[in-house]
Amino acid sequence: MPETTPTPSTTHLVLIPSYNPGPQVLETVRQARAQWTPVWVVVDGSTDGTDRSLRALAQGDEGLRIIVMPENRGKGSAVLEGIGLAAQAGFTHALTMDSDGQHPADLIPTFMAASLKAPQAMVLGKPVFGPEAPALRVNGRKVSNGWANLETLWMGIGDSLYGFRVYPIAPLARIMQANPFMRRFDFDPEAVVRLCWAGVRPINIDAPVRYLSAEEGGVSHFKYLRDNTLLTWMHTRLFLGFVLRLPLLIWRRLRASGD
């Protein structure tokens, strides 16, 4: 438990999906708890023993909840499980962050404040990369970002892949329950596109991203061929959806420019 426990929020929680992150997840959770209450971790069928370590960490800490899924179903499925339980508990917004130490826990209050000020919006982290960031990952995401902005008629998505963001739970849950996609690596980009289609505007805030080395405890589950194939199929589907929604998106843009 943090030495100084943040005042519990009844509307916003931190949601951390976690799959075989190694021991780094414990530090990630500690840092998140130092900034916010409550923090929920959804263990997505991990087999590395971190479910036991997280449960031990949660003992005596009412602000930390560990939810364990029986098998690995993907990041999107873990988020859907978390927001479903959060909605039942009365929460309206969830800040998602990765469990591997890449995301800046110290910016949690900043992102939550932006969400509280504009609760109908989604607050997206726009990554600021350090020199250790792999060039292939940095340059490759530009393609996904370009497609996401085209598919939303340039509503202002700063980055489609960075998972440090605050979602309004109700529209995200409706979108995910209405289609069978967005369950794995495709979750983050498809969520922002479909939320834009639903009229949820993005707010972008710069946020650093760290790529930890193996010596620092970094763990990556990114598979270049598998995950880029998944993203290609996702953007194919989204582009077709964009074409069908184009008249509505144009009308919204014209109405906004006239206000």
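Me: Why is leucine 153 called buried in this predicted model?

Reply: The relative accessibility of leucine 153 is 16%, and the word buried applies under 20%, so leucine 153 counts as buried. Its place is in the loop between helix 5 and strand 6 (165-168).

Me: What makes the phi of leucine 153 worth a remark?

Reply: Leucine 153 has a positive phi, about 55 degrees, although it is not a glycine. Most residues other than glycine have a negative phi.

Me: Which value of phi does asparagine 20 have, and why is asparagine 20 called buried?

Reply: Asparagine 20, again a residue other than glycine, has a positive phi near 40 degrees, and its place is in the loop between strand 1 (12-18) and helix 1. Its relative accessible area is 15%, which is set against a limit of under 20% for buried residues, and therefore asparagine 20 is buried.

Me: How do you know that the peptide bond between threonine 37 and proline 38 is cis?

Reply: The omega of the bond that joins threonine 37 and proline 38 is about 5 degrees, and the bond is cis. Most peptide bonds are trans. Proline 38 has its place in the loop between helix 1 (24-35) and strand 2 (39-44).

Me: Why does valine 143 count as exposed?

Reply: Valine 143, which lies in helix 5, has a relative accessibility of 53%; exposed means over 50%, so valine 143 counts as exposed.

Me: What makes Val143, Trp147, Phe239 and Val243 a nonpolar patch?

Reply: A patch of this kind is made of residues with over 30% relative accessible area and no salt bridge, whose nonpolar side chains are joined within 5 Å. Val143, Trp147, Phe239 and Val243 form such a patch on the surface, and together they have about 350 Å² of accessible area. Helix 5 (135-151) and helix 8 (224-258) are the elements that give two or more residues to this nonpolar patch.

Me: What is the volume of the second largest pocket, and which residues are closest to its centre?

Reply: The volume of the second largest pocket is about 250 Å³. Eleven residues line the pocket, and Met155, Arg252, Arg253, Arg255 and Ala256 are the closest to its centre.

Terms used:
Residues numbered from 1 in each chain as written. Predicted model: local features only at pLDDT ≥ 70, side-chain atom pairs only at ≥ 80, totals over all residues. Heavy atoms only, no water. Patch = residues over 30% accessible without salt bridge, like charges linked within 9 Å, V, L, I, M, F, W, Y side chains within 5 Å. Areas by Shrake-Rupley, 256 points an atom, 1.4 Å probe, with all protein chains shown as cover. Salt bridge = Lys/Arg side-chain N within 4 Å of Asp/Glu carboxyl O. Helix = DSSP H or I, 4+ residues; strand = E, 2+ residues; numbered from the N terminus. Buried < 20%, exposed > 50% of the residue type's maximum accessible area, 1.4 Å probe, protein only. 1 Å grid on protein atoms, 1.4 Å probe; cavity = no way out; pocket = protein on both sides within 12 Å on 5 of 7 lines; lining within 4 Å. Points joined across faces, edges and corners; volume = space filled by probe spheres on them.
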